[in-house]
Amino acid sequence: MAGYTELKREAYEANVALPKHGLINLTFGNASAIDRAKVVFAIKPSGVDYDALKPDDMVVVDLDGRVVEGRLNPSSDTPTHRRLFLAFPEIGGVVHTHSSHATAFAQAGIPIPIFGTTHADYFNGEVPVTRKMTPEEIASAYEWETGAVIVERLQGLDPADFPGVLVNRHAPFAWGPSVAKAVETAVAMECIAHMALMSLQLNPDLAPIEKPLLMKHFKRKHGPGAYYGQKAAG
């Protein structure tokens, strides 16, 4: 259907960007883009090599989990994306990777500590990590429950202030107002995870960034007082 062409293209471009940024090994990971007006999202098909992907391969799914358009099976992580889209109505895209350094923190069940301004440009604090999933959650609707533990961890937090999370024993998820922005956040998460590990090697007792510096860097890019970058043409 022609009505989904742009949405599928947006999802396709986000998916093929992941290996280009070094965030993907094999076929791990996926990206999705949502059309809020049409109440559907496009996501990578399950197990298809990134080199073989085409825009028309993207699978369009509604928020009840039904395939609306697509000849392939959607990603096995589709229920997780659907859970996040339902919980966070302001987000326009979700990205899941197994990027090495961020995944190392996730496997260890440790938040990514915020040591510097690169991190503060994207997150208003440490990158949070979920609790471990219970055996019952793993045995039931595993992918949906993965989304549920993310939503649980984000309770009381603004998803715009914390645009990503580490799923304990698993890997990172990121989101944003668009799927392109979610890709950028996924890249940033891997970068800051790598730098955090190196910083801890240099100084195992390193304290988190000072609050005034954190707020300066976060607020100059986010919120009504943001002044970083160029103003959009009027």
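Two strands are taken to pair if DSSP finds at least two bridges between them. Strands here are DSSP runs of E, at least two residues long, and helices are runs of H or I, at least four residues long, both numbered from the N terminus.

The model before you is predicted: local features need pLDDT of at least 70, side-chain atom pairs count only at pLDDT 80 or more, and totals for chains, interfaces and linings use all residues. Residues are numbered from 1 along each chain as its sequence is written, and side-chain values use heavy atoms, with hydrogens and water left out.

I begin with the strands. Strand 2 (residues 40–43) pairs with strand 3 (residues 59–62) in the antiparallel sense, over 4 bridges, and Ile43 stands opposite Val59 in strand 3. Strand 1 (residues 30–35) is also antiparallel to strand 2, again over 4 bridges; there, Ile34 stands opposite Phe41. In the hairpin of strand 1 and strand 2, 4 residues lie between the strands, and Val39 has a positive phi near 55°.

In a regular strand, side chains alternate between the two faces of the sheet. In strand 2, Val40 and Ala42 point one way and Phe41 and Ile43 the other, and all are buried, that is, under 20% relative accessible area with a 1.4 Å probe, protein chains only.

Which residues of helix 2 and helix 6 make the contact? With contact meaning heavy atoms within 4.5 Å, they include Pro79, Arg83 and Leu86 of helix 2 and Trp144, Gly147 and Ile150 of helix 6.

Notes: Buried < 20%, exposed > 50% of the residue type's maximum accessible area, 1.4 Å probe, protein only.
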